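Work through the exercises below with the sequence and the model side by side. Each task is followed by a solution in steps.

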Amino acid sequence: MNLLKVVKRNKIQRICALLAVGVLALTACRRVPGEVIAPDEMAMLLADIHVGDAVVEQNRRDYGSDSVKMLLKQSIMARHGVDGERFDSSLSWYAHNPEIYLEVYDKTIEILQTRMNENDAQIAGSLSVVGDSVDLWGGARFLAVSALSATKYVTFNIEADENSEQGDRYTWRGKFVNNISKTRWGIAATYSDGTVEVLDAEADKDGWNEIEFVSDSTLHPEKIYGYMEVQSRPGMTTWIDSIQLVRNRKNPASYRHRYSLRTYRR
């Protein structure tokens, strides 16, 4: 998986990127107060929390209550020797120091990418077996879009494989921050008979937003693709975190959602 660099860096950041990793880490540490979780430690902690979030999303029945979710998060923080109060105060400090926070998040992405590379074969085998609920997202889990960004569009394109089935549901979701101007997004599918189905919607609030595409239960999908157009006002940045594209098997209760699809036939 290739992680996209979507945050445009200013001149000072580009120069810092050329420095040795050790020098950069020392520089960051000097800027962070002692009571705040250090950048390298914060990156490792955030990586583990992201993994924990993925576990919850893939096993919603086992983590149905807020108390169970909180217990999982607390156990992750405990492994790092951090309590909730220190984590929240550290996160608040980083939120007020976005340049350092972006450095930390770049490190978090590197950690997750390294883990995925090291376990690629194992993960592929697991997906093939589990199959019923799989996160297919192949891009960056975190995006920041502003007027200075190279593009305001995010897209994906997935070829159907042996695990794809008729009636599969594809849910694209993410946590939005500063989503003041409504984000447009959509999912589409092409089928073996030439039919094309399209679902368009708006992510219209901060926090979790999702769009669910329910494929035709009588046709085999050949390709699933989607787009996102992030509208960001001048001087502001829209953040999207914990991005996922989850495929679930057919559910009769969700099939009514197909009424909002647009259908084209070649």
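Buried means under 20% relative accessible area, exposed over 50%, and partly exposed in between (1.4 Å probe, protein chains only). The model is predicted: local features need pLDDT of at least 70, side-chain atom pairs count only at pLDDT 80 or more, and totals for chains, interfaces and linings use all residues. Residues are numbered from 1 along each chain as its sequence is written, and side-chain values use heavy atoms, with hydrogens and water left out.

**Exercise 1. Classify E229 and K152 by accessibility, and state what their contact joins.**

Step 1. E229 has 17% relative accessibility, so E229 counts as buried. K152, with a relative accessible area of 32%, is partly exposed.

Step 2. A salt bridge is a side-chain nitrogen of Lys or Arg within 4 Å of a carboxyl oxygen of Asp or Glu. The side chains of E229 and K152 form one, at 3.4 Å from N to O.

Step 3. Helices (H or I, at least four residues) and strands (E, at least two) are DSSP runs, numbered from the N terminus. E229 belongs to strand β8 (residues 221-229) and K152 to the loop between β2 (143-146) and β3, so the pair ties together parts that are 77 residues apart in sequence.

**Exercise 2. Which residues does the network around D168 and R249 contain?**

Step 1. In the salt bridge of D168 with R249, the closest N and O atoms are 2.9 Å apart.

Step 2. D168 sits in the loop between β3 and β4 (169-177), and R249 in the loop between β9 (237-248) and β10, so this pair ties together parts 81 residues apart in sequence. Both D168 and R249 are buried.

Step 3. Salt bridges with shared partners join E165, D168 and R249 into one network. The whole structure holds 12 salt bridges.

**Exercise 3. Give the strand order of the open sheet and identify its edges.**

Step 1. Two strands pair if DSSP finds at least two bridges between them. Five strands form the open sheet, in the order β3-β8-β5-β6-β10, with antiparallel pairing.

Step 2. β3 (153-159) and β10 (262-264) are the edge strands, each pairing on one side only.

Step 3. Eight bridges join β5 (residues 183-191) to β6, and T190 has V196 in β6 as its bridge partner. The hairpin of β5 and β6 has four residues between the strands, and G194 takes a positive phi near 95° there.

Step 4. Three bridges join β6 (residues 196-203) to β10. V198 has R262 in β10 as its bridge partner.

Step 5. R262 also forms a salt bridge with D200, the closest N and O atoms being 2.0 Å apart. R262 is in strand β10 and D200 in strand β6, so the pair ties together parts that are 62 residues apart in sequence. Relative accessibility is 36% for R262, which counts as partly exposed, and 27% for D200, also partly exposed.
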